[in-house]
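Here is a brisk report on one protein model. Please keep the viewer open while reading.

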Amino acid sequence: MVTLGLDISTSTVGYAFTQNQRILDMGFIDIKKLDTYKRKAFFILSELDKNKHIKNINKIYVEDNLSGFMGGRTSQQTIIKLAKFNAILGYVLEDEFNIEVRNINPSTARKQVFGKARVKGIKAKDLVKMKIEEMYDTKKWCKTTARGNWDKRNIDMYDGLVMSLYEENNGKK
């Protein structure tokens, strides 16, 4: 039983394949240079098809769309674009694999995987990074920038991992 977890944005898609809470593979797919949602969706599909674990998936969990404005940092237009792209990619994945794509609220997934969704004074992305690195040795999957720094897109991969580790049967739907 292999689960594919995805964190979808219009510039980078983080993904993780897990089985019995064990990481099989994870990474991120850069799609910012592609110009249409259709091209982005089919490029992601072609990249995932290259992964040997794709043929064994039986669950696909996607980080649910941003549904509110994050303290003035997210515009209505951004939320609409992301929702539209999530719907397109979800449709393509469901059609290709004949598996229902389940949208999971990121706070719900973090609460189940880590025991808490938030910690006062710690940003959600920083909490995810800290908790994932406590649970797993992720060095072999993490990318670095040309200058040798930790690539910030790795956090998308970590968010995909949280989605993949989410177990729907153990939590409330």
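Predicted model: local features only at pLDDT ≥ 70, side-chain atom pairs only at ≥ 80, totals over all residues.

Strand β2 spans residues 12-19 and runs antiparallel to β3. Eight bridges join the two strands. Strand β3 covers residues 22-30 and is mostly covered, with seven of its nine residues buried. Two residues separate β2 and β3 in the hairpin. N20 sits in the turn, with a positive phi of about 50°.

**Two asparagines with positive phi**

Most residues other than glycine have a negative phi. N20 has a positive value, near 50°, and is not a glycine. N20 lies in the loop between β2 and β3. N20 counts as exposed because its relative accessibility is 71%, and the cut-off is over 50%. N98 also is not a glycine, and its phi is positive at about 55°. The loop holding N98 runs between α2 (76-97) and β5 (101-104). N98 is exposed too, at a relative accessible area of 73%.

**Helix α1 and its buried lysine**

Helix α1 has 13 residues. Its span from first C-alpha to last is 18 Å, close to the 18 Å expected at 1.5 Å a residue. Which residues of α1 are buried? They are Y37, K40, A41, I44, L45 and L48. These residues lie on the same side of α1, because they cover an arc of only 135° around the axis. They pack against β1 (2-8), β2, β3 and α2.

K40 belongs to α1, residues 37-49. K40 is buried yet has no salt bridge. The nearest side chain of opposite charge is D30, 7.5 Å away. A salt bridge needs nitrogen and oxygen within 4 Å. Leaving aside neighbours within four places in sequence, K40 is in contact with T10, I31, K32, L34 and F85.

**Helix α4**

Helix α4 takes in residues 124-135, twelve in number. It reaches 16 Å from its first C-alpha to its last, close to the 16 Å expected at 1.5 Å a residue. The buried residues of α4 are A124, L127, V128, K131 and I132. Their arc around the axis is only 120°, so they fall on the same side of α4. Their cover includes α3 (106-114) and α5 (154-165).

**Salt bridges**

Side chains of opposite charge can pair when their charged atoms come close. How many salt bridges does the structure hold? There are eleven.

| Pair | N to O distance |
|---|---|
| E100 and R102 | 3.6 Å |
| K131 and E134 | 3.8 Å |
| K139 and D137 | 3.5 Å |

R102 is partly exposed, at 25% relative accessibility. K131 and E134 both lie in α4, three residues apart, about one turn of the helix. Are these two buried or exposed? K131 is buried, with a relative accessible area of 18%. E134 is exposed, at 55%. K139 and D137 are both exposed.

Some charged residues form a network. Salt bridges link D30, K32, D151 and R153. D30 and K32 also figure in the account of K40: D30 is its nearest side chain of opposite charge, and K32 is among its contacts.

Notes: Residues numbered from 1 in each chain as written. Heavy atoms only, no water. Helix = DSSP H or I, 4+ residues; strand = E, 2+ residues; numbered from the N terminus. Expected span 1.5 Å × (residues − 1). Buried < 20%, exposed > 50% of the residue type's maximum accessible area, 1.4 Å probe, protein only. Arc of directions from axis to C-beta. Contact = heavy atoms within 4.5 Å. Lys, Arg positive; Asp, Glu negative; His and termini not counted. Pairing = 2+ DSSP bridges.
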